[in-house]
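Have the sequence and the structure open as you read.

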Amino acid sequence: MVDIKARGIDHLVHFTNINNIDNIMRHGLLNTQDLKEQNIPFTFTDEYKLDGRHGLSLSVQFPNYKMFYSKTNKSPQNDMVVLLIAPELINEKKCLYFYGNAATTELRNMSSSDLMTDIAWEKMFSDKVDGILRSELNIPNSFTTNPQAEVICLEPIEPKYIKKIICKSDDQLDRVSNYLDIVGKNEHYFKPRKDYTFW
């Protein structure tokens, strides 16, 4: 059981194309394989795959801005939005914990059983990662040390877990106006972390 309250974590983060919002709010977050099997249309952004299994990539408290920046640049129509997701799902669904980018060879070669442990979770917040000291960078307690650290959820994420849809512009707000009770505008989530020069 992961203690999310001890670190003051109040949300997980997932970014997606705004064109996916209607189906996400109807069916939840599903991996590409499930979407195809259920004939649900979608605009592809990214997906994690390991040993033939598919998962949904989540960040803790703040987006993986390196990945987000590259996706935003490939979407000149200003189509990327951020979803804030209830962190309780970590203890309610099958998840893998990666202290860095899950696509790296080292992490891809680790067994799923090792990546599901409390030890793997705590390693995401280690004081020293790749020679960089967390304590020297004043990283908030709720942030992972490496900005590319990921939680990979191996199960569908139902709409009830989605706390907020974060937009960058008024145009985006208009496009998801059907969900005004959970929609907000906050450019903070579309910028890098303050320690970005070290990564």
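## Starting with Arg7

Arg7 is buried, with a relative accessible area of 18% (buried means under 20% relative accessible area, exposed over 50%, and partly exposed in between, using a 1.4 Å probe and protein chains only). Its partner in a salt bridge is Glu122, with the closest N and O atoms 3.8 Å apart; a salt bridge here is a side-chain nitrogen of Lys or Arg within 4 Å of a carboxyl oxygen of Asp or Glu. Glu122 is partly exposed, at 43%.

## How the model was read

This is a predicted model, where local features need pLDDT of at least 70, side-chain atom pairs count only at pLDDT 80 or more, and totals for chains, interfaces and linings use all residues. Residues are numbered from 1 along each chain as its sequence is written, and side-chain values use heavy atoms, leaving out hydrogens and water.

## Two lysine pairs

Lys93 and Glu158 also meet in a salt bridge, at 3.0 Å from N to O. Lys93 sits in the loop between helix H4 and strand S5, and Glu158 in the loop between strands S8 and S9, so the pair ties together parts 65 residues apart in sequence (helices, H or I of at least four residues, and strands, E of at least two, are DSSP runs numbered from the N terminus). Lys93 is buried at 12%, while Glu158 is partly exposed at 32%.

Lys185 and Asp170 form another salt bridge, at 3.2 Å. Lys185 is in strand S10 and Asp170 in helix H9, 15 residues apart.

## The whole picture

How many salt bridges does a search of the whole structure find? It finds six. Asp79, Asp171 and Arg175 are linked in a network of them.
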